[in-house]
Amino acid sequence: MSEKKQGTIIKVSGPLVVANGMKDAKMYEVVQVSNENLMGEIIELNGDEASIQVYEETAGIGPGEPVFLTGQTMSVELAPGLLTSIYDGIQRPLELIEQEAGAFITRGIQVPGIDREKKWDFVPSVKVGDHVQEGDVIGEVQETKLISHKIMVPPALNGNIKQIESGSKRVEDVIAVIEDADGKVHEVAMLQKWPIRVARPIQNKKVPKTPLISGTRILDTFFPLVKGGAACIPGPFGAGKTVTQQGLAKYCDAQIIVYIGCGERGNEMTEVLQEFPHLEDPNTGEPLMQRTILIANTSNMPVAAREASVYTGITIAEYFRDMGYNVALMADSTSRWAEALREMSGRLEEMPGEEGYPAYLGSRTAEFYERAGIVECLGSDDRAGSLTVIGAVSPPGGDLSEPVTQNTLRVTKVFWGLDATLARRRHFPAISWLSSYSLYADNVIGYRGKEVAEDYNQTAEDAMDILQQESKLEEIVKLVGMDALSNKEKLVLSTAKSIREDFLFQNAFDADDAYTSLKKQYYMIKAIMTVYYEARDVVEQEEFEFNTLTQLPVMEKVVKCGQIEDGDWEAYEALIEEVKTAIAKLKN
Amino acid sequence: MQKEYKTVTSIAGPLVIVEGVENVKYEELVEVRMPGESKVRLGKVLEAAEGRALVQMFENTQGVSTEGTKAKFLGDTMKIGVSKDMLGRVFNGAGLPLDNGAEIIPEERVDIMGAPINPYSRDFPNDFIQTGVSTIDCLNTLVRGQKLPIFSGAGLPHNKLAAMIARNAKVSDGSQFAVVFGAMGVTFEEAAYFQSEFEKTGALENAVLFLNTAADPVIERISTPRIALTVAEYLAYEKGLHVLVVLTDLTNYAEALREVSAARKEVPGRRGYPGYLYTDLATLYERAGRVKGKQGSVTQIPILTMPEDDITHPIPDLTGYITEGQIVMSRENHRKGIFPPTDVLPSLSRLAPTARKATREDHEGVFAQLYAAYARGMEIRELAVILGEAALSDDDRAFMTFANEFEDKYIRQAEDEDRSIEDSLDLGWELFKILPKAELKRVKEDHIEKYMKD
């Protein structure tokens with residue numbers, strides 16, 4: 001790197017370094033700190049003094065040492081080779097870091113985010129003379145078996161193809177030459193860069209209407225998320241945030257997954273790394289890793305890189321969205337990102353807002369979640385792509401009134417609240433059906449009615465109603481006992497118990513149970529609710545013994561309705577009929 | 001280029017400011033010497049600015065004056081000499097021998113801050129460790145390379161439990177653990193208890209002890225766990241040993257951190273603890289693990305006392321977000337005279353699902369059934385308080401009996417009782433007999449036939 005301009009360090013305090021002689025520096029410019037070449041980013045400029053957040057450990061660095069300007073803002077490299085990668089927070093492949101430094105991460109390691117030497121088979125889809133505009137696909141590379149990586153004209157470039165290559169190419173090789181209206185000639189390579197703090201341009205946003213199917217029953221049936229939506233999972237430790245996030249990463253029907261482990265456990269990232277190459281995508285049968293990009297900044301890795309990691313992740317996600325894919329991004333956990341912001345803000349001696357967090361926490365959070373959406377991508381073919389963002393939040397003490405949760409709730413429309421009490425009872429997923437909500441429920445009515453079953457929405461609504469009634473009745477039972485309840489109320493309780501234990505309870509570690517298709521979810525809840533619908537009148541008959549209902553042999557089958565194979569809808573229909581006949585016989 | 005400065009301008013608590021300095025590096029070690037005193041006090045640079053260094057002392061600053069005090073910058077970060085000969089020895093919280101033994105000749109000098117393990121280089125922990133404690137082995141399985149803290153409260157016997165685990169811990173191939181013990185701000189008696197426990201069982205020759213007692217300098221506590229972990233990493237990754245690190249008490253550690261933060265006038269987070277408490281604790285806990293291609297492993301059992309038994313207090317709260325589960329102690333069970341007084345429901349081991357597959361086929365089922373039945377029994381017990389036992393159905397009464405028996409027979413065990421995992425599982429089947437057979441929903445049918453002996 002040609003190091004022309006440089007300043008001098010005047011202060012070091014943890015990840016914050018202040019340097020003077022930085023007149024030529026720009027905000028968010030990347031700099032190299034000291035002769036050890038630690039990577040940093042300028043976050044404040046004051047006269048010729050610059051405050052730099054350094055993405056590596058700063059021990060042993062002191063005043064007087066140089067800071068080199070690079071002239072570039074913090075960017076990610078976008079090209080074939082992204083998929084199946086595992087990066088740190090600033091897009092350095094962890095595999096290459098291991099090759100350079102061994103098992104422990106030392107500093108000053110510079111490795112490229114994208115392999116420069118690897119050759120890809122580029123298949124052009126335009127020819128010389130074609131007019132192309134920004135975002136147009138000019139060719140493809142089969143990056144993994146699952147994903148064809150589309151090479152697009154970089155934003156802000158329009159013109160005619162003067163030259164187009166094909167065949168085996170490195171990412172930096174010129175694959176096309178485009179002449180713009182002014183006659184200026186631009187060389188285009190597969191490798192493109194994009195600043196992480198700027199959202200990639202789109203034509204326009206659309207209203208999301210298709211559900212993102214996760215295979216987790218409580219989520220899909222009761223609190224659906226849509227492709228292009230944003231969801232928030234707050235919960236105390238041990239309630240299952242990570243298991244839920246990982247379940248989504250494994251089974252949701254997005255085509256590309258970007259998983260950001262932000263300030264989380266090292267062993268958990270290792271688990272993902274070791275598990276994903278062996279797990280099959282339920283939708284395609286290929287290893288999950290082929291559609292996945294992992295970003296790992298574990299809790300003991302430098303704190304400033306944690307701040308950058310969510311932006312690195314979302315920029316990569318946007319890039320794949322621009323190709324017209326459905327992308328899902330999981331950030332676990334955004335609280336650690338907010339804490340990194342707080343730490344830097346504290347060292348900058350900014351005036352703190354609530355709980356020491358900077359006053360701009362809310363706007364930064366909103367900016368991040370607003371990068372989600374279903375969009376019409378740049379390009380003349382008006383292709384649609386979506387980016388769904390699912391952020392975990394780790395509220396201290398499980399207290400949802402804290403600033404990170406509150407700011408997140410303001411901008412996400414789905415709230416999956418984890419409940420410690422449920423987790424203690426080992427009811428998993430420990431998502432509270434009483435406090436969670438989804439504002440997309442109305443958006444998916446059309447899809448569910450058409451693609452699954454007409455009465456799916458109604459059944460789900462009724463089931464939720466039963467659960468709500470249960471919570472009230474439980475209070476009464478606690479005070480006066482079960483005997484004081486009417487048969488009708490007993491039916492509500494027994495149906496609610498069935499919904500909880502036979503439908504909502506789902507074992508994420510059981511290969512068969514971990515994923516349930518939407519149609520099977522419908523049949524399961526339908527079977528359970530049929531008991532309720534049919535028995536409503538029966539139990540109100542005079543001198544009806546409630547036990548005669550619960551002891552019906554068919555009830556055993558309802559309990560085990562989840563074990564009927566996915567796709568065997570006839571068996572479900574038969575079960576539902578059986579329930580109807582059995583209960584009808586109880587009528588006087 | 002080690003220069004000595006006589007320009008100490010300000011002293012506040014553990015912090016010293018030296019002016020007019022040149023070429024000071026962040027985190028560099030500093031020796032502070034008082035006039036007429038031969039002993040040097042150590043500190044490190046917390047903030048390096050031009051011509052001014054903020055130094056955090058590891059010892060107290062009593063008697064330090066701005067006049068005549070000399071500060072020498074050593075140009076190096078804090079390192080400790082490590083050697084296999086440290087096994088069997090006792091050191092103070094700063095890593096100096098306490099036991100009048102021979103001086104340690106270091107094989108290597110290592111930075112105590114350590115470096116983060118590359119997640120790509122980690123190996124996923126899944127080797128079951130048998131601790132001999134049913135509530136851990138069966139219900140909250142510990143594995144090699146895990147960090148599993150004990151959340152305790154003042155006056156609860158967490159030390160006995162930790163000693164019990166350290167004594168019994170073995171992996172399936174029968175190999176023993178080397179124990180690295182780090183005490184931060186514990187009383188002399190607690191430190192002596194561990195020392196005598198280790199001596200009594202002969203475990204001392206396989207143990208390294210670092211003792212910072214309540215009487216020792218507060219700030220030294222910030223280094224003690226790091227020194228202990230540095231030695232543990234050396235023994236694990238360079239010498240191929242399986243190391244069990246017991247750290248007690250993290251609450252004292254966090255308090256020391258708060259003291260420094262307050263002296264620096266930093267913006268406090270919750271309850272006055274610094275905003276970076278999470279990151280700081282993570283740099284300790286995340287040093288547990290296994291590394292691909294290395295034989296040894298570091299398993300951590302940090303102990304912390306929850307102020308007022310409050311699990312939402314920042315120290316247990318942030319710990320729980322980093323560690324892979326927690327063993328919670330229950331005051332209620334302790335009052336009932338149950339040892340170890342584990343509070344089963346809020347306890348958790350995140351790495352257990354894979355480990356359970358490696359023990360006996362019925363482990364998963366027994367685990368799930370015990371939890372489900374005990375949780376239900378507890379609910380019914382509450383109900384019985386309001387409605388009276390007479391109002392309960394037969395099924396409900398069976399669950400309540402189960403809960404009582406579970407506490408009495410399953411949780412409770414003698415201090416020297418080393419139960420094998422098979423014993424723990426069989427005991428579970430024994431208890432299931434109390435329940436109606438139709439309610440055994442979480443165990444497999446064929447396992448019932450195989451293991452439930454009449």
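The buried residues of helix α8 of chain A pack against β21 (230-234), α6 (334-347), α7 (361-369), β26 (384-393), β27 (414-415) and β28 (437-438) of chain A. Contact is taken as heavy atoms within 4.5 Å, and buried denotes under 20% relative accessible area, exposed over 50%, and partly exposed in between (1.4 Å probe, protein chains only). Helices (H or I, at least four residues) and strands (E, at least two) are DSSP runs, numbered from the N terminus. The structure is a predicted model, in which local features need pLDDT of at least 70 and side-chain atom pairs count only at pLDDT 80 or more, whereas totals for chains, interfaces and linings use all residues. Residues are numbered from 1 along each chain as its sequence is written, chains are lettered from A and ligands numbered from 1 in the order in which they are written, and side-chain values use heavy atoms, with hydrogens and water left out.

Helix α8(A) spans residues 403-411, and its buried residues are Pro403(A), Val404(A), Thr405(A), Asn407(A), Thr408(A) and Leu409(A). In helix α3 of chain A (residues 241-251), ten of the eleven residues are buried, so this helix is largely enclosed by the rest of the structure. Among the buried residues of α3(A) are Lys241(A), Thr242(A), Gln245(A), Lys250(A) and Tyr251(A).

Helices α11 (residues 456-480) and α13 (residues 518-538) of chain A pack with their axes 10 Å apart, at an angle of about 55 degrees. This angle makes α11(A) oblique to α13(A). Axes are lines fitted to C-alpha atoms, for helices over the stretch in contact, and angles run from 0 to 180 degrees between N-to-C directions; those under 35 degrees count as roughly parallel, over 145 as roughly antiparallel, 65 to 115 as roughly perpendicular and the rest as oblique. On the side of α11(A), the contact is made by Tyr456(A), Gln458(A), Thr459(A), Asp462(A), Ala463(A) and Ile466(A), and on the side of α13(A) by residues including Leu518(A), Tyr522(A), Ile525(A), Lys526(A) and Met529(A). By class, the contact comprises nine nonpolar, three polar and two charged residues. Here Ala, Val, Leu, Ile, Met, Phe, Trp, Tyr, Cys and Pro count as nonpolar, Asp, Glu, Lys and Arg as charged, and the others, Gly among them, as polar.

In chain A, four strands form an open sheet in the order β12-β11-β9-β14, with antiparallel pairing; two strands are taken to pair if DSSP finds at least two bridges between them. The edge strands of this sheet are β12 (148-152) and β14 (167-169) of chain A, each pairing on one side only. The twist from one strand to the next averages 40 degrees. Strand β9 (residues 120-124) of chain A is joined to β14(A) by three bridges, and Trp120(A) has Lys169(A) as its bridge partner.

In chain B, all nine residues of strand β15 (residues 178-186) are buried, so the strand is largely enclosed by the rest of the structure. Strand β15(B) runs parallel to β17 (residues 242-248) of chain B, to which six bridges join it, and Gly182(B) is partnered by Leu247(B). Seven bridges join β15(B) to β16 (residues 207-213) of chain B, also in parallel, with Ala183(B) opposite Leu211(B).

Strand β7 (residues 70-73) of chain B has a covered face formed by Ala71(B) and Phe73(B), and an uncovered face formed by Lys70(B) and Lys72(B). In a regular strand the side chains alternate between the two faces of the sheet. Antiparallel pairing joins β7(B) to β1 (residues 4-5) of chain B through two bridges and to β4 (residues 29-33) of chain B through four. Glu4(B) stands opposite Lys72(B), and Val30(B) stands opposite Phe73(B).

Backbone geometry was also examined. Most residues other than glycine have a negative phi, and most peptide bonds are trans. A cis peptide bond joins Asp332(A) and Ser333(A), with omega about 5 degrees; Ser333(A) lies in the loop between β24 (326-332) and α6 of chain A. The peptide bond from Phe339(B) to Pro340(B) is likewise cis, with omega near -10 degrees. Glu349(A), in the loop between α6 and α7 of chain A, has a positive phi near 60 degrees and counts as exposed at 64% relative accessibility.
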